[in-house]
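Work through the exercises below with the sequence and the model open. Try each task before reading its solution.

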Amino acid sequence: MKPLDGVRVLEVAQFTFVPSAGAVLADWGAEVIKIEHPETGDAQRGLVRVLGAAATAPGSSFAPIMEAPNRGKRSVGLALDKPEGRPLLEELIRRSDVFLTNYLPSVRTKLKIDLDDVRAINPDIIYVAGSGFGQDGPDRDTGGYDATGFWARGGSADGVMAADADRPAFMPAGAYGDNIGGMSIAGGVAAALYRRLATGQSTEIDVSLLAVGAWATQFSVNMALLFGGPLPKIDRKTQAPGNPLTGGYRTKDGRFIQLSMLQPTRYWAEFCRLMGLDEYAEDPRFSTFEAMLENSETAFELVRDAVASLSYQECKERLGRGTGQWAPVQDAWEVGNDEALIANGRIVEVIDAEGSLRKLVANPVRFDRQPETLTRAPQFAEHTDEVMRELGVDDERLIELKVAGAIT
């Protein structure tokens, strides 16, 4: 049993923000039906390259940009703008607990899938609208992606940009803000399901990429609001001022490790002994925080040179024997093979449409220490006939609907 077994979700959305919420809900046990345009499908299916790289391996239909936000769902090709398709949509709405969409308000109004339209069919449904900039205000009908709403406008790009940069930094991964936003939506849906169970009251949920971006950068935003203006740009050194046991350091073979020992005097002696700096372990220049602050440049040079004298693997082995907080700086391949992620079931095997074994990152929430099970994302309109028959549509009517262009 999974926490959301028995919950039915109807998703009218595309790309990653909102669909990734549907994927998480499917991971948690919900039955998710994804409505796609009967001719073009989810527009994300057309992305053959992402951030300059191929979106899938040669000869395979397994595209992580589609698989990750759509695993575990069933796909139905249904024309929302054709009168023949409307009764089918309405029956799906009646049977659903949650309605997910990221269509703009003007499009929702045109297609008659706005809050009032959906609630007129199913008053108890939880209605979720994901957007770039929120359901109210001057930008409610402005489209957005995570690069604009979350990353740029939400403060992250500026937060990692040097004062003398000639261009803003780009996101570290495709769909970076979308996936964070999807988790936010999934959490909101879980709360709304509990509210409905406890009180019988349905909920409208509004999550924007801008709001998720502001939440992610809230420390800086809150500080700016406290001081009444933009925060000054900081010359970001490799370590926090006065604490050489924080920040990134380069190893002998050109890799990096990240130290985050926020109590430097507590870990200084241990660090020195691990890294071959025994003569400095009890040095009075570093025995108190005040002394370390006064001699921070010397301490920084000692740490920098010690790390630079060792290989990446040597640093990992030595620091792994200590009690201070640190981490290796890993690339995507290393993350996908991280022992801790694998041990906790966060890298999960899935069988693709060709029967090949693949792997995907699981959502970060683990229930009851149970192993995660994932099924692949659906092919375009793969489950149309199956779902239509569940609605009581017979074969003759199926053919008529396909001829009319209402379903695929």
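## Exercise 1: A nonpolar patch

Leu231 lies in the loop between α10 (218-227) and β9 (246-250). Helices (H or I, at least four residues) and strands (E, at least two) are DSSP runs, numbered from the N terminus. This is a predicted model: local features need pLDDT of at least 70, side-chain atom pairs count only at pLDDT 80 or more, and totals for chains, interfaces and linings use all residues. Residues are numbered from 1 along each chain as its sequence is written, and side-chain values use heavy atoms, with hydrogens and water left out.

Task: Classify Leu231 by accessibility, then find the nonpolar surface patch that includes Leu231.

Solution:
1. Recall the classes: buried means under 20% relative accessible area, exposed over 50%, partly exposed in between (1.4 Å probe, protein chains only).
2. Leu231 has a relative accessible area of 37%, so Leu231 is partly exposed.
3. Patch members need over 30% relative accessible area and no salt bridge; nonpolar side chains (Val, Leu, Ile, Met, Phe, Trp, Tyr) are joined within 5 Å, like charges within 9 Å.
4. Leu226, Phe227 and Leu231 make a nonpolar patch of about 340 Å². Areas come from the Shrake-Rupley method with a 1.4 Å probe; for residues, only the protein chains shown count as cover.

## Exercise 2: A charged patch

Task: Which residues gather in a patch of negative charge on the surface?

Solution:
1. Count Asp and Glu as negative, Lys and Arg as positive; His and the chain ends are not counted.
2. Place each charge at NZ of Lys, CZ of Arg, CG of Asp or CD of Glu.
3. The patch gathers Asp116, Asp136, Glu204 and Asp206.
4. Look at one of them: Asp136 sits in the loop between β7 (126-131) and α6 (146-152). Its relative accessibility is 65%, so Asp136 counts as exposed.
5. Now take the whole chain. It carries 43 positive and 58 negative side chains. The centres of the two sets lie 1 Å apart.

## Exercise 3: Salt bridges

Task: Is Asp27 buried or exposed, and which residue does Asp27 pair with in a salt bridge?

Solution:
1. Side chains of opposite charge can pair when their charged atoms come close.
2. Apply the rule: a side-chain nitrogen of Lys or Arg within 4 Å of a carboxyl oxygen of Asp or Glu. The count comes to 29 salt bridges.
3. Asp27 pairs with Arg71, with the closest N and O atoms 2.7 Å apart.
4. This pair links distant parts of the chain, 44 residues apart. Asp27 is in helix α1 (residues 19-27), and Arg71 is in the loop between α2 (64-70) and β5 (73-77).
5. Both Asp27 and Arg71 are buried.

Task: Where do Asp139 and Arg153 lie?

Solution:
1. The two form a salt bridge, the closest N and O atoms being 2.9 Å apart.
2. Asp139 is in the loop between β7 and α6, and Arg153 is in the loop between α6 and α7 (156-159), so the pair ties together parts 14 residues apart in sequence.
3. Arg153 has 46% relative accessibility, so Arg153 counts as partly exposed.

Task: Which residues does the salt-bridge network link?

Solution: The network links Arg8, Glu31, Arg74, Glu386 and Glu390.

## Exercise 4: The whole chain

Task: How many helices and strands does the protein chain have?

Solution:
1. The chain has 18 helices and 13 strands.
2. Of its 408 residues, 43% are buried.
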